[in-house]
Amino acid sequence: MNQTLLALFGCLFAVSLPAADPLMNHAAALFAYVEALNTHSWAKIAPHVAEDAVFIFTEDTFTGHAAAKAAFEKTFAMIADEHFSLHDIKWTAVTDDVAACYYEFRWKGRISGEDAVGGGRGTSILRNVNGRWLIAHEHLGPYARK
């Protein structure tokens with residue numbers, strides 16, 4: 001009976017793991033980060049981001065939680081109902097400590113009440129910090145000119 005309860009408790013615990021759980025690998029951590037982005041809540045995004053993370057966006061470079069929070073919240077205020085997604089993710093380097101990938105990103109939402117869409121190319125580097133994969137660097141930019 002005790003083993004059955006322990007097994008059941010273990011299954012319940014596994015289902016309710018926090019988004020930045022140490023059991024996640026780098027790819028699962030990246031998807032959990034994107035899910036958190038789509039909540040538009042810095043409180044849910046922050047656990048996925050290293051304290052010293054660097055974000056390079058079109059308008060500027062943002063280093064650390066305070067700067068990233070301000071940049072994200074500015075975007076959330078500008079684009080209502082934004083949904084952000086990653087596509088064609090290619091992992092270029094994966095070690096026990098660091099994982100790097102590039103991808104196509106897309107977003108859709110409303111700006112000034114009008115439907116809007118956009119996208120481009122991105123690069124993310126995740127760092128294993130005390131057993132948790134965190135975003136250490138993100139660079140989002142336009143599509144290449146052809």
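**Entry 1. Aromatic pairs**

I searched the whole structure for aromatic pairs and found 7. I counted rings of Phe, Tyr and Trp (its six-membered ring) as a pair if their centres lie within 6.5 Å; planes under 30 degrees apart are called stacked, over 60 edge-to-face, and the rest tilted. The model is a predicted one, in which local features need pLDDT of at least 70, side-chain atom pairs count only at pLDDT 80 or more, and totals for chains, interfaces and linings use all residues. Residues are numbered from 1 along each chain as its sequence is written, and side-chain values use heavy atoms, with hydrogens and water left out.

I looked up Phe-57 and Phe-62, whose rings form a tilted pair at 5.9 Å centre to centre with 45° between the planes. Both Phe-57 and Phe-62 are buried (under 20% relative accessible area; exposed is over 50%, partly exposed in between, with a 1.4 Å probe and protein chains only). Phe-72 and Phe-76 form a stacked pair, 6.2 Å centre to centre and 20° between the planes. Because Phe-72 and Phe-76 are 4 residues apart in helix 4, about one helical turn separates them. Phe-72 has 7% relative accessibility and so counts as buried; Phe-76, at 14%, therefore counts as buried too. I noted one aromatic cluster made up of Trp-42, Phe-55, Phe-57, Phe-62, Phe-72 and Phe-76.

**Entry 2. Overall layout**

I recorded 4 helices and 6 strands for the protein chain. Helices (H or I, at least four residues) and strands (E, at least two) are DSSP runs, numbered from the N terminus. Along the sequence the pattern reads α-α-α-β-β-α-β-β-β-β. Of the 146 residues in the protein chain, 35% are buried. I then took the contacts (heavy atoms within 4.5 Å). Among those between residues at least 6 apart in sequence, 47% join residues at least 24 apart.

**Entry 3. Helix 4**

I checked the length of helix 4 (residues 64-78): at 1.5 Å a residue its 15 residues should span 21 Å, and the end C-alpha atoms are 22 Å apart, which agrees. The expected span is 1.5 Å times one less than the number of residues. The buried residues of helix 4 are Gly-64, His-65, Ala-68, Ala-71, Phe-72 and Phe-76. They cover an arc of only 135° around the axis, so they lie on the same side of helix 4; the arc is that of the directions from the helix axis to the C-beta atoms. On the face turned away from this buried side I found the exposed residues Ala-66, Lys-74 and Ala-77. The buried residues pack against helix 2 (26-37), helix 3 (42-45), strand 1 (49-57), strand 2 (60-63), strand 3 (80-94) and strand 6 (132-141).

**Entry 4. Nonpolar core and Tyr-33**

Of its 33 residues, Tyr-33, Ile-45, Phe-55, Phe-72 and Phe-84 touch the most other members. Helix 2 gives the largest share, 6 residues.

Tyr-33 lies in helix 2. With a relative accessible area of 1%, Tyr-33 is buried. Leaving aside neighbours within four places in sequence, I listed its contacts as Ile-45, His-48, Val-49, Phe-55, Phe-72, Ile-135 and Glu-138. Tyr-33 and His-48 are 15 residues apart in sequence and 5.7 Å apart from C-alpha to C-alpha.

I located His-26 in helix 2. Its relative accessibility is 15%, so His-26 counts as buried. Beyond four places in sequence, His-26 is in contact with Trp-91, Val-94, Ala-99, Leu-126 and Trp-133. His-26 and Asn-128 are 102 residues apart in sequence, yet 8.2 Å apart in space, C-alpha to C-alpha.

Asn-128 belongs to strand 5 (residues 114-129). At 25% relative accessibility, Asn-128 therefore counts as partly exposed. Not counting residues up to four places away in sequence, Asn-128 touches Asp-96, Asp-97 and Trp-133. I also looked up its polar contacts (pairs of N or O atoms within 3.5 Å; within protein, one must be able to donate a hydrogen and the other to accept it, and residues adjacent in sequence count only if both atoms are side-chain atoms). The side chain of Asn-128 reaches the backbone oxygen of Asp-96 at 3.1 Å. A polar atom of the Asn-128 side chain also lies 2.9 Å from the backbone nitrogen of Gly-131.

Definitions and conventions: A nonpolar core is a set of buried Ala, Val, Leu, Ile, Met, Phe, Trp, Tyr and Cys residues joined through side-chain atoms within 4.5 Å.
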